[in-house]
Amino acid sequence: MKNDIEKDILPQDHADSVFDPDPHREDPLLHEGSSPQKYKFSEKISDWHNQEAFWKDVSHVVVEKAERKTKSASGYLLSFLKWIIIAGIVGLFSGGVGTLFQVSVFYSTQFRLSHDKIILLLPFGGLLIVALYHLAGIRMSYGTNELINAVHTGKKITVLLAPLIFLGTVITHLMGGSAGRESAALQLGGCLGVRIGRFLRLNPDDMRLMVLCGMSGVFTALFGTPVTSTFFSMEIASVGVMYYPCFVPCLISSLVSYTFALRCGAVPTRFVLENIPILNEISVFQVVCIAIITALISILFCVSITRIPEKVGKICKNEYWRVFIGGTLIVLFTFMIGTRDYNGMGSAVIRSALHGSVSGDAFIWKFLFTMLTFAAGFKGGAIVPAFFIGSALGAASGSLIGLDPGFSAAVGLVAMFCSAVNCPAAALVLSVELFGSQALVLFSVACGVSYMLSGYYSLFTSQNILYSKLKAEFINIHAK
């Protein structure tokens, strides 16, 4: 061990002067007539000096290494403590904003259900939304895609987006537009994270994490799924890789937000599956069939939500006319089919589907209503409508292939979410948080198949598809 230290630290000539590799070599001083006793005494003194210098060098190197290790460890600890504090603050504010938003949407929906004629005001509600965006100087298409771009590029986000998307979504739900709330949650959370980051004067790299922390916090407050929100934030920006630096900050933000929402009386979304099939080749085949059908429908749904509004915008460039005409068409279809099931989020239909009781054409009508809502320019999210379409489609498909409709609705919901946002890990975690872990393997099959067969389409066209879904190849393209 001494020789190893000597080789690593001392020059070769210095090492040889301290430790003689050949103890039997002839001493040249003895040929000069010097006294052996005198030489031995001087040799000991020289050895003491050499060894003292050697151990000084060793101690110097050890101290330097210890200082570097201590500095590195303190850097990790300080960074950890920093994000515990900052993410906790973001989670606290996200929980408050998310809870307020959830309550607002809930009471808007309840008011609409108890005063169903208010749907006649939907076209005028659309005019109000457009006027608010124009008054703030923000284009109507500004939304979640800009948040994802901010994660990629560090581009600044306007904080005015938060109140606009809050009011726009509440108006849409109050008047009967077919939309969800998660897109608003992501935008609210992203803007909140940016505002706190600017107040704390964080650098551009930290600001990207702040956007994701805010998104996961508000998403958790709405759905009560903290782990899903964390993985969703890690996957949403770049498909094919996981953004691991945001894991701890987003998890802390989600947990704080979740706790705050619970203390405010929020009830997490949970379902109990009554008939879970036995894991065998038959049940796996049935789940694969549902996942294939869901992946194909998700492609159509993503194209309808992202492409049709663009085409309609080119045909009817006046946003006031577009939202008024679109709102009028939604009102006409509502009275034509004679039900309010497809206005708003449709949570009641989702619950019915998960109990195996839903109309076979429900997913078609929800598809149409959601497409009209987004083409007209109303505000809200497309993920909850995707839950609706996936669960209704899964229940209808399961009845045809001999799988329990309630369980197949759950499979369809998870598979539709996975294929629409290209987040298989988040979708798998969602299945556990919503339905438990008893059917984890079957849900894994559904996520894998739907992810692979949904192509490069997404509800968020700013997603970067970094790796191919078919082979180990770096492609780096934008979602379609």
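Close-up 1. Helix H3 gives the nonpolar patch its largest share, nine residues. A quick word before going on: this is a predicted model. Two helices, H3 (36-114) and H10 (247-263), each put at least two residues into the patch. Its members are Leu77, Leu78, Phe80, Leu81, Ile84, Ile85, Ile89, Leu92, Phe93, Phe247 and Val248. Taken together, they have about 970 Å² of accessible area.

**Close-up 2. Phe93, one member of the patch.** Now let's pick out a single side chain from that group. Phe93 sits in helix H3 and is one of the residues that form the nonpolar patch. Is Phe93 buried or partly exposed? With a relative accessibility of 47%, Phe93 counts as partly exposed.

**Close-up 3. Cysteines without a disulfide.** How many disulfides does the model have? The count comes to zero. Take Cys213 to see how that works out: the closest cysteine sulfur belongs to Cys250, and at 4.4 Å it is too far for a bond, because a disulfide needs the two sulfur atoms within 2.5 Å. Cys447 is in no disulfide either, since the nearest cysteine sulfur, that of Cys418, is 4.7 Å away. As for accessibility, Cys213 is at 0% and so counts as buried. Cys447, at 3% relative accessibility, is buried too.

Close-up 4. Helix H11 covers residues 281-306, and Ser283 is part of it. What does Ser283 touch, once its neighbours within four places in sequence are left aside? Ser283 is in contact with Pro277, Ile278 and Leu442.

**Close-up 5. A hairpin made by strands S2 and S3.** S2 takes in residues 464-467 and S3 residues 474-478. The two strands run antiparallel, and three bridges join them. Between S2 and S3 there are six residues, and the two strands form a hairpin. Which residue in S3 is the bridge partner of Tyr467? That partner is Phe474.

Terms used: Residues are numbered from 1 along each chain as its sequence is written. This is a predicted model: local features need pLDDT of at least 70, side-chain atom pairs count only at pLDDT 80 or more; totals for chains, interfaces and linings use all residues. Side-chain values use heavy atoms; hydrogens and water are left out. Buried means under 20% relative accessible area, exposed over 50%, partly exposed in between (1.4 Å probe, protein chains only). Helices (H or I, at least four residues) and strands (E, at least two) are DSSP runs, numbered from the N terminus. Contact means heavy atoms within 4.5 Å. Patches are made of residues with over 30% relative accessible area and no salt bridge: like charges are joined within 9 Å, nonpolar side chains (Val, Leu, Ile, Met, Phe, Trp, Tyr) within 5 Å. Accessible areas come from the Shrake-Rupley method with a 1.4 Å probe; for residues, only the protein chains shown count as cover. A salt bridge is a side-chain nitrogen of Lys or Arg within 4 Å of a carboxyl oxygen of Asp or Glu. Two strands pair if DSSP finds at least two bridges between them.
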